[in-house]
Amino acid sequence: MSGVQLNDVTKSYGQVNVIPPLNLSFREGEFVVIVGPSGCGKSTTLRMIAGLEPVTSGSIHIGGQDVTWSRPKERDIAMVFQSYALYPHMDVAGNMSFALRLAGRPKHEIEERVRVAADMLELTEYLHRKPKDLSGGQRQSLGLVRLVLQDPAVVLLDEPTASLDQATEQHVIKTLGPWLAGRTLVLATHRKSLLGWVERALVLRHGKRVMDGPLDQIMARQSAGKTPATSASRQRQEAS
Ligand SMILES: Nc1ncnc2c1ncn2[C@@H]1O[C@H](COP(=O)(O)OP(=O)(O)OP(=O)(O)O)[C@@H](O)[C@H]1O
Ligand SMILES: [Mg+2]
């Protein structure tokens with residue numbers, strides 16, 4: 001069971017409310033993309049689902065359990081961030097295996113799983129480098145390896161390929177596609193290249209859901225101009 005529900009979730013930073021009451025539901029095994037202008041609340045929503053950002057009010061359920069106040073590691077969720085969250089003092093292999101070591105997995109199992117995942121995302125030759133000695137794209141691939149190693153039921157991807165060149169992005173799309181099957185995926189992206197994975201699109205604006213439906217229908221409505229342009233300046237114009 002790995003469906004995700006947000007019930008009347010709000011988020012404020014100080015006096016500023018960025019997510020008004022938001023109700024969302026992701027079915028188990030569903031692949032959903034969240035789109036919308038910069039600042040509309042995509043990352044905030046993913047971070048609240050992951051438990052990295054507390055909700056201001058409302059509740060979050062995963063697999064039917066109320067996880068609103070559970071810690072991230074209790075949620076069977078893994079997230080790849082828009083900005084990398086790596087341990088700078090550990091080498092690539094250490095970064096990859098951190099969660100498995102914490103979980104007390106046997107050494108031979110950790111080594112084998114790291115080897116397979118590093119090979120999958122073409123990082124084998126960098127296993128003994130520190131994150132600072134990697135390119136932006138290699139750091140992002142490292143984030144994806146950690147995701148694969150975690151083997152989560154729910155996968156949250158926040159612009160997971162933003163730092164990858166086109167060839168690497170295509171490799172990642174091809175490799176991760178089969179791995180994602182059977183998991184629940186919530187993806188936030190501005191990139192069209194990742195939409196091949198996706199069945200359903202949600203459009204957020206100022207933290208509100210303004211469209212929700214099959215990807216092809218939402219894209220057709222957006223390109224037919226029924227939705228105003230999704231630029232930040234347009235959003236500001238609308239707000240004023
Ligand atoms: N720690 C914070 N303190 C104050 N405001 C914040 C904080 N984090 C995010 N915000 C604000 O919350 C709003 C939503 O931000 P969020 O990062 O979720 O947007 P986004 O849709 O992911 O944008 P992008 O497409 O640029 O990644 C923005 O107005 C942002 O400035
Ligand atoms: Mg974001």
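Biologist: How much space lies in the largest pocket?

Modeller: Rolling a probe the size of a water molecule over the atoms shows where empty space is left. In this predicted model, the largest pocket holds about 910 Å³ of space. It is lined by 32 residues, and Lys73, Ile77, Ala78, Ala99 and Gln150 are the closest to its centre.

Biologist: Which element supplies the largest share of that lining?

Modeller: Helix 4 does, with seven residues. Helix 4 spans 136–150, and strand 6 (77–80) and helix 2 (92–102) likewise supply at least two residues each. In terms of domains, at least three lining residues come from domain 1 (1–76 + 153–165 + 179–240) and at least three from domain 2 (85–151).

Biologist: What is the make-up of the lining of the largest pocket by class?

Modeller: The lining has 21 nonpolar, five polar and six charged residues.

Biologist: Where are the polar contacts with oxygen atoms of ligand 1?

Modeller: An N or O atom in the Ser38 side chain lies 2.4 Å from a ligand 1 oxygen. For a polar side-chain atom of His190 the distance to a ligand 1 oxygen is 2.8 Å, and for a polar backbone atom of Cys40 it is 3.3 Å. Ligand 1 on its own has 640 Å² of accessible area, of which the protein covers 59%.

Notes. Residues are numbered from 1 along each chain as its sequence is written. Chains are lettered from A and ligands numbered from 1 in the order in which they are written. This is a predicted model: local features need pLDDT of at least 70, side-chain atom pairs count only at pLDDT 80 or more; totals for chains, interfaces and linings use all residues. Side-chain values use heavy atoms; hydrogens and water are left out. On a 1 Å grid over the protein atoms alone, a cavity is a set of points where a 1.4 Å probe fits but cannot get out, and a pocket is an open set with protein on both sides within 12 Å along at least five of seven lines; lining residues have an atom within 4 Å of a point. Grid points are joined across faces, edges and corners, and a volume is the space filled by probe spheres set on the points. Helices (H or I, at least four residues) and strands (E, at least two) are DSSP runs, numbered from the N terminus. Ala, Val, Leu, Ile, Met, Phe, Trp, Tyr, Cys and Pro count as nonpolar, Asp, Glu, Lys and Arg as charged, and the others, Gly among them, as polar. Domain bounds come from an automatic or database domain assignment. A polar contact is a pair of N or O atoms within 3.5 Å; within protein, one must be able to donate a hydrogen and the other to accept it, and residues adjacent in sequence count only if both atoms are side-chain atoms. Accessible areas come from the Shrake-Rupley method with a 1.4 Å probe; for residues, only the protein chains shown count as cover.
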